[in-house]
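Thank you all for coming. I would like to walk through one model with you, so please have the sequence and the structure open as I speak.

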Amino acid sequence: MLNVPPQAFPAPGSQQRVSAGGRAKVPLKPGRSLMDWIRLTKSGKDLTGLKGRLIEVTEDELAKHNKKEDCWICIRGFVYNVTPYMEYHPGGEDELMKAAGTDGTDLFDQVHRWVNYESMLKECLVGRMAVKPIAAPKGMVPEKKGLGASVKDLTPSYDWFQTENSITVVIYTKQKDMNAELVIVDCQDKRLRGEIIVGDHSYLVEVDLDHAVQEDVAVNIAEKVGKVEIILKKKDNVHWKMLGQPLESHNTFIKRTDRGLFYRKCKLVSKTEVTHDTKLFRLMLPKSTHLHVPTGQHVYLKKNIAGTEVVKPYTPVLPFLPLDFKEPFSHDGAHIYLMIKIYSCGLFTQALDHLQIGDYISVSNPEGNFKKSQVQTLEDLFLLAAGTGFTPMVKLLNFALTEVSCLRTVKLIFFNKTEDDILWRNQLEQLALKDERFEVQFILSQPTKDWVGKQGKISSSLLSEFVKISRKDSKVLICICGPTPFTEQGVQYLKDLGYSQEEIHAFTA
Ligand code: FAD
Ligand code: NAP
């Protein structure tokens, strides 16, 4: 909601500004980019109209500020005067006005809870709600509060034990198919954080450890019984009287979407060219982090730009497209690979491009609503990608060709402007030669006259030509990712062609 692209993008009148439905970005006036907003917040101008005072706001008072020229919104118990921000909001003034004079927490969370509004709106802070916050702050939800009986039964529990030189925290998840992607562990400066994903819930062990531990942390998962062990090495061989002091969200089991995003600093270890404007960034996770980003999910990168924390999502890929699908690609678990297009006017990607090898950047826990189970019993898989919308397709392609035994065909239909923009073209062509189940079709919207391949943009006729199931009654999934209008139009065309909601997956934030 609060991340504003510079007014140069998308160009006024471009299709990217006009989407078929959902959250459209709207044209912003010149001088209303995110950078312009950051500049305004640093100008020393009184943006709240309260001359730096913070006040307690009653519900009645909040409700009075419900007009465009006087608009207050409450997010997680804090009230912001968003009047000066109106013209900078990428979703447009009307979207922001939906929460005018009210608690906008739920609306904000629905749209993009990952945006760092605290940093972005800090100069607009009016004060706290005088009464108790309408929505509890993230991570503060009391243990098991509001969970139905069935969820309560699923609540994990933990225990710990020690040997002379180690501490083991054991988490009993009561989940049979526990795996490495569902366990996220970080241990920094004596602070241990172990998050376990159980369905759409998250269980957290979060303690300030009694004593210091060494950097490397081991995680053992007994998949069948759902037991997770986090093994820490003591720095000093002393007897611990307790595991440590529980932190505020310790031992809570809440909806995943109610858990705040957690970031750790990762080191940039290499940056290699993929095309003229796209690079592969290899980030190294801290030794004390256990994190595997599931297929189809993205992470958020966070960076301080001109004093404001800016957050953007990116979808991890593999270091290359594996050509041998006999065995699943074994990921070392220590690195995250991101394929990122650097835009000449892009606020975040320009900052990323300026990172030097050895620099650090904050990387969040994974998010996303794609489930591998959507692919497990498939016969035909179609991947419709535009530009960097290719990124979620990489792991998906690898997973499908490696682990889906009933799969007959995988077809990637890859939309780009020019030949030079095609990501991993060579690797894709090699894969198509090597694996007869895989086929790739490149479609260019702005080709040179030498291009002999297909030309055009996503359309109903193009889709009916290329998306064809291999047999009648084949189990099919069509995944689509690219600029929002591309994705929205694609979904609509597919529905018009008779594909059901369950047969389509659109990757979005
Ligand atoms: P902004 O400052 O927001 O954009 C402004 C400038 O960038 C414009 O002037 C324009 O020149 C350019 N620009 C930005 N977007 C476009 C566009 N679509 N078409 C043309 N010009 C554009 N990006 C990746 O590169 N790799 C990924 O793996 C990836 N994963 C994503 C996953 C999700 C779930 C989502 C929602 C987005 C993902 N993105 C990915 C896009 C990414 O989050 C940023 O939006 C992108 O990097 C641009 O950020 P920016 O701040 O540099 O650009
Ligand atoms: P791009 O190079 O600008 O465009 C790639 C192709 O898509 C081009 O052929 C382009 O045609 C076409 N296209 C662009 N906008 C269109 C529209 N409105 N309708 C129909 N076709 C359109 O793409 P990019 O710069 O790489 O951008 C990739 C996008 O994917 C970004 O918006 C990014 O946020 C998104 N993305 C999302 C996820 C996710 O949600 N999980 C992951 C990765 C990337 P033209 O010649 O007409 O422009």
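Let me begin with a definition, because I will name elements throughout: helices (H or I, at least four residues) and strands (E, at least two) are DSSP runs, numbered from the N terminus. This is a predicted model, in which local features need pLDDT of at least 70 and side-chain atom pairs count only at pLDDT 80 or more, while totals for chains, interfaces and linings use all residues. Residues are numbered from 1 along each chain as its sequence is written, chains are lettered from A and ligands numbered from 1 in the order in which they are written, and side-chain values use heavy atoms, with hydrogens and water left out.

I start with a loop residue. Asp 324 sits in the loop between strand E19 (316-317) and strand E20 (335-341). Although Asp 324 and Thr 402 are 78 residues apart in sequence, their C-alpha atoms are 8.6 Å apart in space.

Thr 402 takes us to helix H8, where it is one of the buried residues, along with others including Met 393, Leu 397 and Phe 399. Helix H8 is mostly covered, in that twelve of its 13 residues are buried. As for its length, the 13 residues of H8 (residues 391-403) should span 18 Å at 1.5 Å a residue, and the end C-alpha atoms are 19 Å apart, which agrees; the expected span here is 1.5 Å times one less than the number of residues.

From Thr 163 to Val 238 the separation is 75 residues in sequence and 9.8 Å in space, C-alpha to C-alpha.

Next, the aromatic rings. A pair of aromatic rings is described by the distance of the centres and the angle of the planes. Rings of Phe, Tyr and Trp (its six-membered ring) pair if their centres lie within 6.5 Å, and planes under 30 degrees apart count as stacked, over 60 as edge-to-face and the rest as tilted. How many aromatic pairs does a search of the whole structure find? The search finds twelve. Tyr 314 and Phe 348 make a stacked pair, at 6.1 Å centre to centre and with 20° between the planes. Since Tyr 314 lies in strand E18 (residues 308-314) and Phe 348 in helix H7 (residues 347-353), the pair ties together parts that are 34 residues apart in sequence. Tyr 314 is buried, with a relative accessible area of 14%, and Phe 348 is buried at 2%.

The rings of Phe 415 and Phe 486 have centres 5.2 Å apart and planes at 70°, so this pair is edge-to-face. With Phe 415 in strand E23 and Phe 486 in helix H11, the pair ties together parts 71 residues apart in sequence; both Phe 415 and Phe 486 are buried.

There is also one aromatic cluster formed by Phe 390, Phe 414, Trp 424 and Phe 442. Trp 424 has a positive phi of about 50° although it is not a glycine, lies in the loop between E23 and helix H9 (425-434), and counts as buried at 10% relative accessibility.

Finally, the ligand. Of the 25 residues around ligand 2, those that come nearest are Tyr 343, Thr 388, Ser 445, Gln 446 and Lys 457, a residue being near if one of its heavy atoms lies within 4 Å. An N or O atom in the side chain of Lys 457 is 2.3 Å from an oxygen atom of ligand 2, and a polar side-chain atom of Ser 445 is 2.6 Å from an oxygen atom of that ligand. Strand E23 (409-416) and helix H11 (484-496) are the elements that give two or more residues to the shell around ligand 2, and H11 gives the most, with three residues.

Technical notes
A polar contact is a pair of N or O atoms within 3.5 Å; within protein, one must be able to donate a hydrogen and the other to accept it, and residues adjacent in sequence count only if both atoms are side-chain atoms. Buried means under 20% relative accessible area, exposed over 50%, partly exposed in between (1.4 Å probe, protein chains only).
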